[in-house]
Amino acid sequence: MKGNATDYLILDKATGTYRESPEQAVRDDVEKHYWLNVGRAIAKDWRLYVMMIPMLLVFLFWRYFPMYELLGCFKVSDTVLPVSEQLFCGVSYFKRLLVGGDSLSANFWMAMRNTFLLSFYGLCFGFPMPIILALFFNEIRSNAARSVYQVMTYLPKFMSTVVMTSLVTMLVKQGSLIGQMGIVSQALVKLGLITEEVGNAGLLNNPGFFRAIYQISGIWESAGYDSIVFFAAIIAISPTSYEAAQIDGAGKMAQMRYVVIPCMLSTIVIMLITRIGSLLNIGYEKVLLLYNTKTYVTADVISTLAYRTGLSGGAGTGIASAAEMMNNVVGMLLVIGANTIARKASNTSLY
Amino acid sequence: MKRKLEVSELIFKIVSYVLLTVFALMCLYPFLYAVSASISGRHAVEYSEVVLFPKDIQFEAFSMMFGNNMFWNAYSNTLFLTLYGTVWALGVSILGAYALSKKRLLFRKFFNFFLVFTMWFSAGIVPQYLNYLDTQKVFRSVGIMDDKWLVVIAMGMAAMNIILLRNAFENVPSEIEEAAIVDGATEFQILGQVYIPMSKSTIATVALFFAISRWNGYFWARQMISNQNEHPLQVFIRLQLEQYTDPEQMAGWNRAYASDSVIYALIVCSIVPILIIYPFIQKYFAKGTNVGGVKE
């Protein structure tokens with residue numbers, strides 16, 4: 001028997017016998033009539049539960065049912081039968097992708113590598129840019145001037161992926177009968193960074209340039225907007241901290257080193273962890289709009305590979321689902337891991 | 001108290017201004033170039049004589065596009081998707097977030113997890129596509145033939161936005177709600193007359209997130225909307241880009257303007273509405289990132 005008997009029994013002095021304490025009677029009642037009480041509570045607050053129904057249905061139909069369709073990765077693909085009636089084929093698709101030894105398996109590993117590398121370079125080059133921008137914004141004392149700069153740098157974030165990629169495509173397009181190469185390619189040729197032939201062939205047709213274009217357009221698009229959160233961390237620093245540092249004779253670099261960076265650190269760490277968590281969730285739309293058959297070697301990511309094999313007449317939906325399944329499971333583990341670390345490190349959880 | 005700037009501070013300040021100016025101009029340049037190229041003459045565009053300012057100004061690329069019914073069609077489709085999509089998503093999110101913000105809600109943890117899990121794990125493109133195909137069949141069988149409604153209803157819900165709303169509702173002081181209850185307000189009245197007015201700015205932010213993602217939506221609209229009269233603007237732009245930058249198709253081009261100008265004109269037309277409302281919505285966007293660090 002657990003606990004102390006007096007917790008749930010009371011000695012009745014008059015008769016010398018034990019009887020149940022009132023608290024325990026309530027506890028017993030709750031236990032005995034658990035579902036009845038649940039029903040009563042729901043009946044009392046039924047409006048609250050009715051309000052949730054649309055949201056729950058939307059998520060069930062269009063977020064959870066696809067997860068059920070994902071089980072197609074264990075079954076023989078069939079365009080007619082629903083997933084539930086398809087024949088079970090175990091992990092054969094996974095085997096074929098991982099150790100198949102054919103071109104599909106080679107493409108899978110290539111896409112896995114590209115997915116990882118695109119995110120990783122984004123982490124190396126894309127992540128520090130907003131922090132540096134925020135430090136620069138902080139130097140501008142005039143509010144009006146700073147707003148002008150901020151408005152200009154946030155602007156690309158408001159463009160859709162299609163508009164952004166269309167602009168990029170036009171700026172580095174190939175030379176042809178209907179026009180010379182794009183204006184940015186020409187500038188690069190003038191600067192001697194690329195040769196005329198490379199520029200004329202179109203930078204987006206050259207697998208060697210895809211990653212650079214992807215990262216630079218990414219910085220162009222979101223560095224300004226992403227700097228908001230870092231800038232907010234900087235302006236939260238009390239002016240007295242700077243004054244104390246100045247009295248101690250700290251120059252600009254020393255102030256950066258000992259005041260600004262330490263105060264921003266928790267924000268930086270949180271954002272970094274989030275970035276690492278979403279390392280495998282690469283935006284497929286942008287890749288899909290920028291790549292072409294010539295640049296698959298460096299551009300193809302898991303989602304786009306799955307799109308081609310599953311949707312536009314490839315090897316089938318089953319094997320495409322298997323590729324996405326692996327990518328997304330690893331991605332989820334990264335997110336959960338990152339979130340746990342963030343919670344431990346700063347007591348603020350991201351989700 | 002005015003203090004003389006130290007040399008290191010001065011240098012850093014100058015470097016900041018210079019680099020920021022360079023970066024800001026780089027951010028802006030592609031748009032300026034797009035405007036110039038869309039109104040420059042054919043020879044100037046094809047031989048790259050346009051660098052910043054327009055040359056041999058013509059407006060025929062624009063007038064040709066404004067004369068194209070498909071363009072206006074695409075525009076109105078985008079407005080349709082943005083308007084109805086935002087209203088639907090926001091309505092569903094507000095109702096759900098309100099229920100989730102109540103401590104007395106049973107199985108609250110489970111419902112929260114139900115949402116949050118979709119942020120951790122998504123099924124991916126292929127299962128999602130199969131699911132939308134099934135949805136399409138169901139919709140058609142009940143008489144909803146327009147794929148636009150499929151895009152409006154089935155897509156664009158985001159767990160993150162619901163959590164932002166839930167947090168805002170949780171911050172509304174419970175005393176005000178109790179006062180309303182004493183006055184005999186029903187659950188819907190409390191939501192409509194206490195919670196929504198008190199969380200206006202978060203609701204505006206979330207509405208903006210929904211609207212922007214609808215306005216910019218491309219991939220699923222292209223996959224799921226089969227009738228090209230129903231294509232939204234983004235799909236229209238992409239199809240035009242694929243067509244007008246194909247040298248083989250454009251070899252016989254005999255207009256007074258370059259085929260590139262058509263693309264640039266399209267790009268300009270699609271960003272002008274955003275530029276017009278941009279000054280008004282910018283502060284909400286900045287707010288949105290600040291409340292981004294949510295806790296469970």
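## What counts as a core

A nonpolar core here is a set of buried Ala, Val, Leu, Ile, Met, Phe, Trp, Tyr and Cys residues joined through C-beta atoms within 7 Å. Keep in mind that this is a predicted model.

## The cores

The largest nonpolar core holds 110 residues. Which residues touch the most other members? They are A:Val163, A:Leu167, A:Ile213, A:Ala306, A:Ala323 and B:Ile267. Helix α11 of chain A (residues 207–235) gives the most to this core, putting in 13 residues.

B:Ile267 is worth a click in your viewer. Leaving out its neighbours within four places in sequence, B:Ile267 is in contact with A:Val163, A:Ser166 and A:Leu167, plus B:Ala34 from chain B. There's also a second, separate core of 31 residues, and A:Met55, A:Val58, B:Ala89 and B:Leu105 are among its members.

## Where the chains meet

Chain B brings 84 residues to the contact with chain A, and chain A brings 77. On the chain B side, helix α1 (residues 7–38) supplies the largest share, with 15 residues. Sort that side by class and you get 53 nonpolar, 20 polar and 11 charged residues.

## Chain B as a whole

Chain B is built with 15 helices and 0 strands. Its radius of gyration is 25 Å, well over the 19 Å that the globule rule gives for 296 residues, so chain B is more spread out than a compact globule. Along the principal axes, its C-alpha atoms fill a box of roughly 75 × 75 × 35 Å.

As for burial, 37% of the 296 residues in chain B count as buried. Take the chain B contacts between residues at least 6 apart in sequence, and 70% of them join residues at least 24 apart.

Note on methods
Residues are numbered from 1 along each chain as its sequence is written. Chains are lettered from A and ligands numbered from 1 in the order in which they are written. This is a predicted model: local features need pLDDT of at least 70, side-chain atom pairs count only at pLDDT 80 or more; totals for chains, interfaces and linings use all residues. Helices (H or I, at least four residues) and strands (E, at least two) are DSSP runs, numbered from the N terminus. The radius of gyration is taken over C-alpha atoms; the globule rule is 2.2 Å times the number of residues to the power 0.38. A residue is buried if 20 or more other C-beta atoms lie within 10 Å of its own, exposed if 12 or fewer, and partly exposed in between; C-beta atoms are placed from the backbone. Two residues are in contact if their C-beta atoms, placed from the backbone, lie within 7 Å. Ala, Val, Leu, Ile, Met, Phe, Trp, Tyr, Cys and Pro count as nonpolar, Asp, Glu, Lys and Arg as charged, and the others, Gly among them, as polar.
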